[in-house]
Amino acid sequence: MAMKNKRKVFLINPPFQLAFMAWMVAISFVVIGVFYGANWYFFEKFWDQGVALGLPQDHVFFEFLRDQRREMFYIFLATACVAFAAVCTLGLVLSHRVAGPLYRLRKHVIDVAEGNTNDDVKFRQKDYFQEVAAAYNLQMERHRKLVKKAGSSVKRFVA
């Protein structure tokens, strides 16, 4: 039987990953909003300077500011879209590196409890919490030794 490729699963632990990504999206919106506000403030300040100097509304200075504001808006919009996409992608990758090992450990513990395996648990190389796998594997090594020792004691008692 061919094993299904699990890499096609985008959300291993949807409650955690969606909450994590929601935080990432919220933070990106805050940062984007702050930069948009700073950009708006910058151009308003220049506009006020022109008004304070008594320049007429059709002065080349105000046309220049309108053109620059429009150009900066498009640059900002493109940058914000790229940054938003990068944050969403990074959020998904990072959440996988957290949710993946926890999913794998949970599945392994269930397999051990059901007697389907006695092997060590293994995480992907770039996953977080490698120390949890190492600690669990130490515990499994002790468990295997105790089982082996108990098995040899039973054999001596029976023989």
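Analyst: One definition before we start. A salt bridge here is a side-chain nitrogen of Lys or Arg within 4 Å of a carboxyl oxygen of Asp or Glu. Also, this is a predicted model.

User: Fine. How many salt bridges does a search of the whole structure find?
Analyst: Six salt bridges turn up in the whole structure. One of them joins the side chains of R69 and E44, at 3.1 Å from N to O. R69 sits in helix α2 and E44 in helix α1. The two are 25 residues apart, and the pair links distant parts of the chain.

User: Is R69 buried, exposed or partly exposed?
Analyst: R69 is partly exposed, with a relative accessible area of 30%. Buried would mean under 20%.

User: Back to the helices. At what angle do α1 and α2 pack?
Analyst: The angle is about 165 degrees, and the axes of α1 and α2 are 9 Å apart. That makes α1 roughly antiparallel to α2, because angles over 145 degrees count as roughly antiparallel.

User: And the crossing of α1 and α2, left-handed or right-handed?
Analyst: Right-handed, for α1 and α2.

User: Take W40. Where is it?
Analyst: W40 is in helix α1. Its relative accessible area is 48%, so W40 is partly exposed. Exposed would need over 50%.

User: New topic. Which residue forms a salt bridge with D67?
Analyst: R70 does, and the closest N and O atoms of D67 and R70 are 2.7 Å apart.

User: Why are D67 and R70 separated by about one helical turn?
Analyst: Because D67 and R70 are three residues apart in helix α2. D67 is partly exposed at 40% relative accessibility. R70 is partly exposed as well, at 44%.

User: What about R144, which side chain does it meet in a salt bridge?
Analyst: The side chain of D120, at 2.8 Å from N to O. R144 lies in helix α3, residues 130-158, while D120 is in the loop between α2 and α3, so the pair ties together parts 24 residues apart in sequence. Salt bridges with shared partners also join D120, E141 and R144 into one network.

User: Is D120 buried or partly exposed?
Analyst: Partly exposed, as D120 has a relative accessible area of 30%.

User: How far is D120 from Q49?
Analyst: In sequence, D120 and Q49 are 71 residues apart. In space they are 70 Å apart, C-alpha to C-alpha.

User: Last one, backbone geometry. What is phi of F129?
Analyst: Phi of F129 is near 65 degrees. That is a positive value in a residue other than glycine.

User: Where does F129 lie?
Analyst: F129 is in the loop between α2 and α3. D120 lies in that loop as well. F129 counts as partly exposed, at 33% relative accessibility.

How values were computed:
Residues are numbered from 1 along each chain as its sequence is written. This is a predicted model: local features need pLDDT of at least 70, side-chain atom pairs count only at pLDDT 80 or more; totals for chains, interfaces and linings use all residues. Side-chain values use heavy atoms; hydrogens and water are left out. Helices (H or I, at least four residues) and strands (E, at least two) are DSSP runs, numbered from the N terminus. Buried means under 20% relative accessible area, exposed over 50%, partly exposed in between (1.4 Å probe, protein chains only). Axes are lines fitted to C-alpha atoms, for helices over the stretch in contact, and angles run from 0 to 180 degrees between N-to-C directions. Angles under 35 degrees count as roughly parallel, over 145 as roughly antiparallel, 65 to 115 as roughly perpendicular and the rest as oblique. A crossing is left-handed if the near helix is turned anticlockwise from the far one by less than a right angle, and right-handed if clockwise.
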